Amino acid sequence: MSANMSELTHALAWIAVDWGSSNLRAWAMDAQGNVLDSASRERGMLSLIPADYETTLLEVVDNWLPSSGVTPVMVCGMAGARQGWQEAAYLATPTRLDQLSRGAVMPPLADTRLRVHLLPGLSQTGSQSHAFDVMRGEETQLAGLVAKSPHFSGHVCLPGTHAKWARLTNGAVSEFATYLTGELYQLLAQQSVLKHSVGQDDLHHDGCRQAFTQAVNATYQAPEHFSQRLFGVRAKDLLDNTLPSGDARGAVLAAHLSGMAIGMELAGACRELSPGESVTLIGNEALSRRYALALQALGIETQRVDGDTAVLAGLTLAYQSTR
């Protein structure tokens with residue numbers, strides 16, 4: 001073992017893991033919550049059976065572990081799903097985010113050096129005001145927000161393939177909603193008639209940015225015309241002589257389609273915002289920047305929190321609550 005790895009092993013207090021559908025990410029943590037090292041694998045729930053999880057985890061973290069003692073491992077994400085390692089049942093909303101560890105399950109392990117805690121997701125039972133809904137993984141990012149601001153209240157958006165919007169009240173999730181915006185865009189751009197028109201947008205370019213914000217506004221103001229305007233993207237490609245040619249044309253139309261999809265989401269998600277209320281965005285830089293631009297076009301202010309920072313803070317909060 002190298003000197004640096006020996007020092008890491010000596011300082012290791014616990015391990016943080018975000019285990020999704022496609023990837024596993026792990027961080028070696030010291031007792032003060034500092035990251036000592038990190039590693040990842042493209043081995044998520046979709047490629048594993050329950051018997052694979054312990055071996056896969058050890059492939060990533062084994063060289064961090066001391067030869068004796070027990071290292072706690074806090075795991076969020078799809079490893080705790082019904083099709084994952086072992087189901088950590090959903091906690092029903094309203095749920096305090098500083099109490100996620102109370103719903104954790106501990107799968108049996110062959111390696112006695114590990115004690116794994118699989119954190120639960122959140123669920124929402126359908127009613128007149130709320131639809132049936134679930135989240136798994138995003139609740140830990142929300143917990144990271146609460147770790148910094150224990151009494152946080154407000155609306156939070158977590159952009160992604162399935163974007164989540166949550167209302168937090170004094171550090172608890174009181175309600176949330178999922179929007180399939182990212183998946184809808186992919187289906188339309190890759191499998192519908194629109195695939196012949198859209199390319200790859202780049203919001204750094206003025207033409208794409210203008211097309212995006214105009215589409216956000218138009219769809220937000222009249223969401224009932226969404227389906228009609230979808231076909232309008234194809235017609236615009238065929239008939240609009242003001243569009244640029246070549247790849248730039250496809251980029252502008254892709255930005256237009258993206259703005260329509262996000263505008264449709266915001267038409268539903270932002271209807272309960274109070275005048276002057278801002279939205280906190282948690283996610284990667286590119287998606288958060290796109291949503292911030294869309295919300296800015298509607299006159300809504302935003303704050304941004306990095307997704308990795310949030311998930312680590314949430315896992316740290318869960319670890320501290322188990323001690």
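**Reading strands, helices and cysteines in a predicted model**

Modeller: Let's start with β11 and β12, which run antiparallel and are joined by seven bridges. One thing to keep in mind throughout is that this is a predicted model.

Colleague: Happy to start there. Which residue in β12 is the bridge partner of arginine 167?

Modeller: Arginine 167 has glutamate 175 as its bridge partner in β12.

Colleague: And where is asparagine 170 placed?

Modeller: Asparagine 170 sits in the loop between β11 (163-169) and β12 (172-179). Its phi is near 55°, which is a positive value in a residue other than glycine. Asparagine 170 is partly exposed, because its relative accessibility is 38%.

Colleague: What is the order of the strands in the open sheet of six?

Modeller: Read across, the order is β6-β12-β11-β10-β13-β14, and the pairing is mixed. To find the edges, look for strands that pair on one side only; here those are β6 and β14 (302-306).

Colleague: Which helix lies across β13 and β14?

Modeller: That is α9, which lies across β13 (279-283) and β14 and runs at about 65° to β14.

Colleague: Is threonine 316 buried or exposed?

Modeller: Burial is read from the relative accessible area, with buried meaning under 20%. Threonine 316 has 14%, so it is buried. If you set aside its neighbours within four places in sequence, threonine 316 is in contact with Trp14 and Met29.

Colleague: Let's move to the other sheet. How many strands form the open sheet that contains β1?

Modeller: Five strands form that open sheet, in the order β3-β2-β1-β4-β7, with mixed pairing. Its edge strands, each pairing on one side only, are β3 (35-41) and β7 (114-118). On average, neighbouring strands of this sheet are turned by 20° against each other, direction ignored.

Colleague: How do β1 and β2 run, parallel or antiparallel?

Modeller: β1 and β2 are antiparallel and share six bridges. A hairpin takes the chain from β1 to β2 through four residues. For a landmark, find tryptophan 19, which stands opposite leucine 24 in β2.

Colleague: What joins β2 to β3?

Modeller: Six bridges join strand β2 (residues 24-29) to β3, and the two run antiparallel. Among the pairs to look at, alanine 28 has aspartate 37 in β3 as its bridge partner. The hairpin of β2 and β3 has five residues between the strands, and there glycine 33 takes a positive phi near 85°.

Colleague: How many residues of β2 are buried?

Modeller: Five of the six residues in β2 are buried, leaving the strand mostly covered. Helix α2 (residues 53-61) lies across β1 (14-19), β2, β3, β4 (71-77) and β7, and it runs at about 120° to β1.

Colleague: Now helix pairs. What describes two packed helices?

Modeller: The description uses the angle between the axes and the distance between them. Take α6 (residues 226-239) and α7 (residues 247-269), whose axes come within 10 Å and cross at roughly 175°. Angles over 145 degrees count as roughly antiparallel, and α6 and α7 are therefore roughly antiparallel to each other.

Colleague: Which residues meet in the contact of α6 with α7?

Modeller: From α6, Phe226, Arg229, Leu230, Val233, Lys236 and Asp237 meet Arg249, Leu253, His256, Leu257, Met260, Ala261 and Met264 of α7. The contact divides into eight nonpolar residues, one polar and four charged.

Colleague: How many disulfides does the count give?

Modeller: The count is zero disulfides. The cut-off for a disulfide is a pair of cysteine sulfur atoms within 2.5 Å. For cysteine 157, the closest cysteine sulfur is in cysteine 270 at 8.1 Å, so the two are too far apart for a bond. Cysteine 157 counts as buried because its relative accessibility is 0%. Cysteine 208 is buried too, with a relative accessible area of 3%.

Methods. Residues are numbered from 1 along each chain as its sequence is written. This is a predicted model: local features need pLDDT of at least 70, side-chain atom pairs count only at pLDDT 80 or more; totals for chains, interfaces and linings use all residues. Side-chain values use heavy atoms; hydrogens and water are left out. Buried means under 20% relative accessible area, exposed over 50%, partly exposed in between (1.4 Å probe, protein chains only). Contact means heavy atoms within 4.5 Å. Axes are lines fitted to C-alpha atoms, for helices over the stretch in contact, and angles run from 0 to 180 degrees between N-to-C directions. Angles under 35 degrees count as roughly parallel, over 145 as roughly antiparallel, 65 to 115 as roughly perpendicular and the rest as oblique. Ala, Val, Leu, Ile, Met, Phe, Trp, Tyr, Cys and Pro count as nonpolar, Asp, Glu, Lys and Arg as charged, and the others, Gly among them, as polar. Two strands pair if DSSP finds at least two bridges between them.
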